[in-house]
Amino acid sequence: MTTLMTLKKTTLMATAFGAAFGLAACSNNTETPAQSADTASSSTAPAQGSIELLNVSYDVSRDFYKEYNEVFKNHYLTNHPDAKIEIKQSHGGSSKQALSVKNGLQADVATMNQGSDIELLADAKLVDSNWRQAFPNNAIPFTSTIVFLVREGNPKGVKDWNDLATSGTEIVIANPKTTGNGRYAFLGAYGYGLNAYNNDEAQTQAFAKALLSNVKVFENGGRAATTTFAQRGIGDVLITFENEANVIKGKFGNVDIIYPSYTVNAENPIAVVKSVTDSKGTTEAATEYLNYLYSDEAQELATKFFLRPSNPDILAKHTDKFPVMTTFFPNDVFGDWASIMKTYFSDGGLYDQLAVEAQNQ
């Protein structure tokens, strides 16, 4: 089956990003997460008082967790003064990361950007089946949403999803076949179409196909899409998470953020990888690590990185950062994640069909 990566669009590999963008380069490169320099894979029990956790996460979360890890270490050592704790990170496309954990990457915790990635680990008996009940708010400490990033002054006059289907507008997105960022982008567009066309599937598919025909580059991850748009200057519009869009705007200042009239909420689910932590003896520390994401300190930190906190009081304090938006959760419109993946993103699914038709337009 022809997938997105075989279309006429050219996929650009992410280049070294930190020097100009001021951020650490993420795992949108040729090495696997298990080969990453900031990944640990030891499965032996820790020495007395010594704990090492590995957080396997999606690509654009690196900067938040880099800072959160230091916050948590201070908290943990206050409560456990005789302990020694180190936290390592591994980042890449969310679904690729989940597959790496399934295939043996020794993650203590998984912090992904769509529920299906945690479900994959639960189905493999690596994560408890009741993982959503293990932490507050269905194991979602914060969310993001899909917005548009355009060139300064918005020369193409983009205001909403329908403008992305207009001929002559070049779009950059992450690959929906392999990344949560790309899937949310597609679901955001499709959900908008269903809402705009009164659930008329034929009109919605025609709209989605027109939008896909304008995609200049399908990238292999959200941060790689950022590199292509912001560093290489390719495309008129980047479809991405709200938090990533704000980071880009803060670093470059020559872009504008467009908030569509109706868009999708992006979950950020979390889970302890019990199969690993039970063997390492790190279950208690891993659980505390994830629980602390709901603390006021961590929720405030999330706002710094433009992640919408699950604590409504803290969210209300930051209305300057988070405009009120009309949004939907994927499960409320498209069903559970198993159904979403089968219907839209499996080989030969609706996304593949529309992408091939868009190529042939």
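Predicted model: local features only at pLDDT ≥ 70, side-chain atom pairs only at ≥ 80, totals over all residues.

Modeller: Residues are numbered from 1 along each chain as its sequence is written, and side-chain values use heavy atoms, with hydrogens and water left out.

Colleague: How many helices and strands are there in the protein?

Modeller: The protein has 16 helices and twelve strands, taken as DSSP runs numbered from the N terminus (helices H or I, at least four residues; strands E, at least two). Of its 361 residues, 57% count as buried, where buried means under 20% relative accessible area, exposed over 50% and partly exposed in between, with a 1.4 Å probe and protein chains only.

Colleague: How is a pair of aromatic rings described?

Modeller: Such a pair is described by the distance of the centres and the angle of the planes. Rings of Phe, Tyr and Trp (its six-membered ring) pair if their centres lie within 6.5 Å; planes under 30 degrees apart are stacked, over 60 edge-to-face and the rest tilted. The structure holds 26 aromatic pairs. In one of them, Tyr190 and Phe334 have ring centres 6.3 Å apart and planes at 55°, so this pair is tilted. Tyr190 belongs to helix 6 (residues 180-196) and Phe334 to helix 14 (residues 330-334), and the pair links parts of the chain 144 residues apart.

Colleague: Are Tyr190 and Phe334 buried or exposed?

Modeller: Tyr190 is buried, at a relative accessible area of 0%, and Phe334 is buried as well, at 10%. Phe334 also pairs with Tyr344: the centres are 5.3 Å apart and the planes at 75°, so this pair is edge-to-face. Tyr344 lies in helix 15 (residues 337-345), ten residues from Phe334, and counts as buried at 8% relative accessibility.

Colleague: Which charged residue lies over the face of Phe306?

Modeller: A charge sits over a ring if NZ of Lys or CZ of Arg is within 6 Å of the ring centre and within 35 degrees of the ring normal. Lys321 lies over the face of Phe306, at 5.1 Å from the ring centre. The charged end of Arg183 sits over the ring of Phe345, 5.7 Å from its centre.

Colleague: What shows where empty space is left?

Modeller: Rolling a probe the size of a water molecule over the atoms shows this. On a 1 Å grid over the protein atoms alone, a pocket is an open set of points where a 1.4 Å probe fits, with protein on both sides within 12 Å along at least five of seven lines; lining residues have an atom within 4 Å of a point. Points are joined across faces, edges and corners, and a volume is the space filled by probe spheres set on them. The largest pocket holds about 400 Å³ of space. Its lining has 21 residues, with Thr143, Asn265, Pro309, Leu315 and Phe329 nearest its centre.

Colleague: What is the volume of the second largest pocket?

Modeller: The second largest pocket has a volume of about 330 Å³. Among the 14 residues that line this pocket, Ser95, Asp117, Leu120, Arg183 and Met341 are closest to its centre.
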